[in-house]
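Hello,

Here is the structure I promised to hand over. Please open it first, then read my notes below.

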Amino acid sequence: MSKCSQGCPTGYIAHNGAFYKVYNQSKTYDQAREQCAADGGLLAMPKNKQLDAFLFRLKNALGGPGYGYFWFGLSYEHREGEWKWADGTPHNITADWGNWVPNQPEGCAHYSGWMEGWDSMWCDFSNKFICQLTHVCPGKFDGSDYRGNLSVTKSGRTCQRWDSNTPHFHHNYWPGTSGPGTDPDVAENYCRNPDSDGATLWCYTTDPKKRWEYCNNPACII
């Protein structure tokens, strides 16, 4: 195992072209997914036996075999009536490869703390978790050095202009001061990371119901 290359978030381990990090803190499944998204990735997806074994070793390195419960990126979508990986691809629990312990799966998948296999529980429980990145960034991963013209968020929402307080009032534009207003193009609606105080690029959105949202970092190589 080797550490992630320069420019990636702290603590990630390189493995077969992707990068993984075990978070030794407990969050609900949705909170864990949001943390991975803030890093620029997804909850880890052990889609084959080799990667599954690697993730077991990674999580056991924290506290030995059987240590804790760890979310990974697989959950049951009740509306669609099927299991899906964090990237949206389906998982057939009877036809596809899996490492389920002998229990009826429900909710969100996790590594079992008492058996070396996959189990599941209600998604609002809190567990440790493993994130996965499938890209690296030649610049700063947090996007603080990005000066491109991306103006849509990860979900496709249009960014609000930084010099506008409509529909969302804010204090992130100060012309002629040391703030982001000194960047001449920040008055536009481009994705930025003002003052490098966020996890990655973001912007206020033009959707009145969504104040702000992260953007994909186009400087990253997928």
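**What I found**

The protein has an accessible surface of about 11300 Å², and 50% of that belongs to carbon and sulfur atoms. Accessible areas come from the Shrake-Rupley method with a 1.4 Å probe, and for residues only the protein chains shown count as cover.

This is a predicted model: local features need pLDDT of at least 70, side-chain atom pairs count only at pLDDT 80 or more, and totals for chains, interfaces and linings use all residues. Residues are numbered from 1 along each chain as its sequence is written, and side-chain values use heavy atoms, with hydrogens and water left out.

The protein has two helices and 12 strands. These are DSSP runs, numbered from the N terminus: helices are H or I with at least four residues, strands are E with at least two. Of the 222 residues, 45% are buried, meaning under 20% relative accessible area.

Look at the largest nonpolar core, which has 21 residues. Such a core is a set of buried Ala, Val, Leu, Ile, Met, Phe, Trp, Tyr and Cys residues joined through side-chain atoms within 4.5 Å. Tyr20, Leu55, Leu74 and Tyr111 touch the most other members. Helix α2 gives the largest share, five residues.

Now find Gln132, in strand β10 (residues 127-133). Gln132 counts as buried because its relative accessibility is 9%. A polar atom of its side chain lies 2.9 Å from the backbone nitrogen of Met45.

Best wishes

Methods:
Buried means under 20% relative accessible area, exposed over 50%, partly exposed in between (1.4 Å probe, protein chains only). A polar contact is a pair of N or O atoms within 3.5 Å; within protein, one must be able to donate a hydrogen and the other to accept it, and residues adjacent in sequence count only if both atoms are side-chain atoms.
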